[in-house]
Amino acid sequence: MSQLLVKSVAKRAIAGGYFRRYLATATGTRVLTPTFGVPAAASGVQVERFSVVLVGWKRMMSTAAEPTSSPPPSTEKAKKSSELPMEKVERGDMVVSSYWGISRPKIKREDGTEWPWNCFMPWETYAADLSIDLHKHHAPKTFMDKVAYRTVKLLRIPTDLFFKRRYGCRAMMLETVAAVPGMVGGMLLHLRSLRKFQQSGGWIKALLEEAENERMHLMTMVELVKPKWYERLLVLTVQGVFFNGFFAVYLISPKLAHRIVGYLEEEAIHSYTEYLKDIESGAIENVAAPAIAIDYWRLPKDATLKDVITVIRADEAHHRDVNHFASDIHYQGKELREAPAPVGYH
């Protein structure tokens, strides 16, 4: 009985010491409270450990009610990082880019105004060569040439039936197809160059330039003609079929592939010539040229649709010459890299 009494008194004394230590910790004082049978220093250490647990428990339970005055540095840094803008922020003459510190310098036109386009830069613009011969035609002589020529003529039949004289929609559809061959040819030459450790003679760049030029034709036509939903669906179908078909043809016979493109460009010249006839006759309104076309071809500010179609037709004539030239190189038993590519030749 006496042993139980002693244990009870000892527990109360220890509890009392812990409680006084907790109060002392909360008020900022340091008290070493002895307990029964334990030296003062050891008892103080035990009390201090227990008080730390109590204080931590108190803070944990009161976090929601009593927010901390200042968050940890790591939390503060993470919060600021998450609030950084993903896009570039302009502040006067300074452009600040989030995260990577990479920013595009301010680009201006020749007249000092700010360059508004991200899809192409001023040094990629040019004045179209309108002096090119639009009537040149490669007469099909060999069997492969005749296959290419007849293939293109067959492809024109459904196009004529579907679009008739809606040359705006026709041109838009034409450009979605015309931008494919240059990309396919450039890609395959690129892979060949990697496999064989050979230079391309500049033909990779020339063909990719052609693809980009045709894509800019499309971006211009989209500004002029708003495609309907079924025309967009037709684009998906035609592009899927044409890309895979042309890819296979280029793998089998690059000279046939380039000859087909040469004849496709001849048809494009014809289509744009008919487009111009309708503009001149008044059947199609000669509206103002889109801003993207004015900057890309360095047209005058008062340029019209007629001016845009004229420069696009000149581009198509250049593509015609480039692809017939590429096919001729293959017909001579050479590779494209053995002849200098017409880089910068729109």
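## A buried arginine

A residue counts as buried when its relative accessible area is under 20%. Keep that cut-off in mind as you look through this predicted model. Arg-320 has a relative accessible area of 1%, so Arg-320 is buried.

Where does Arg-320 sit? Its place is in helix H10, which covers residues 305-331. Leaving aside residues up to four places away in sequence, Arg-320 touches Ile-132, Asp-133, Leu-134, His-135 and Lys-136, and also Gly-262, Glu-265, Glu-266 and Ile-269.

## The chain as a whole

Now let us step back. The chain has ten helices and two strands, and along the sequence they follow the pattern α-α-α-β-β-α-α-α-α-α-α-α. Of the 346 residues in the chain, 38% are buried.

Among contacts between residues at least 6 apart in sequence, 70% join residues at least 24 apart. The accessible surface of the chain is about 21,300 Å², and carbon and sulfur atoms account for 62% of that.

## Where two helices meet

Have a look at helix H7 (residues 229-252) and helix H8 (residues 254-281): their axes come within 5 Å and cross at roughly 135°. The two helices are therefore oblique to each other.

Which residues meet here? From H7 come Phe-242, Phe-246, Val-249, Tyr-250 and Ile-252, while H8 brings Pro-254, Leu-256, Ala-257, His-258, Ile-260, Val-261 and Leu-264. Sorted by kind, the residues of this contact are eleven nonpolar, one polar and no charged.

## Aromatic pairs

A pair of aromatic rings is described by the distance of the centres and the angle of the planes. The structure holds 13 aromatic pairs. In one of them, the ring centres of Tyr-126 and Tyr-296 are 5.5 Å apart and the planes stand at 80°, so this pair is edge-to-face. Tyr-126 belongs to the loop between strand S2 (94-96) and helix H4 (143-163), and Tyr-296 to helix H9 (residues 291-296), so the pair links distant parts of the chain, 170 residues apart. Tyr-126 is buried at 10% relative accessibility, and Tyr-296 is buried at 3%. Both belong to one aromatic cluster, together with Trp-115, Trp-117, Phe-120 and Trp-297.

Another pair, Trp-203 with Phe-325, is tilted, with 5.9 Å centre to centre and 40° between the planes. Trp-203 lies in helix H6 (residues 203-224) and Phe-325 in helix H10, so this pair ties together parts 122 residues apart in sequence.

How values were computed
Residues numbered from 1 in each chain as written. Predicted model: local features only at pLDDT ≥ 70, side-chain atom pairs only at ≥ 80, totals over all residues. Heavy atoms only, no water. Helix = DSSP H or I, 4+ residues; strand = E, 2+ residues; numbered from the N terminus. Buried < 20%, exposed > 50% of the residue type's maximum accessible area, 1.4 Å probe, protein only. Contact = heavy atoms within 4.5 Å. Axes fitted to C-alpha atoms, helices over the stretch in contact; angles between N-to-C directions. Parallel < 35°, antiparallel > 145°, perpendicular 65-115°, else oblique. Nonpolar A, V, L, I, M, F, W, Y, C, P; charged D, E, K, R; others polar. Areas by Shrake-Rupley, 256 points an atom, 1.4 Å probe, with all protein chains shown as cover. Phe/Tyr/Trp six-rings, centres within 6.5 Å; stacked < 30°, edge-to-face > 60°.
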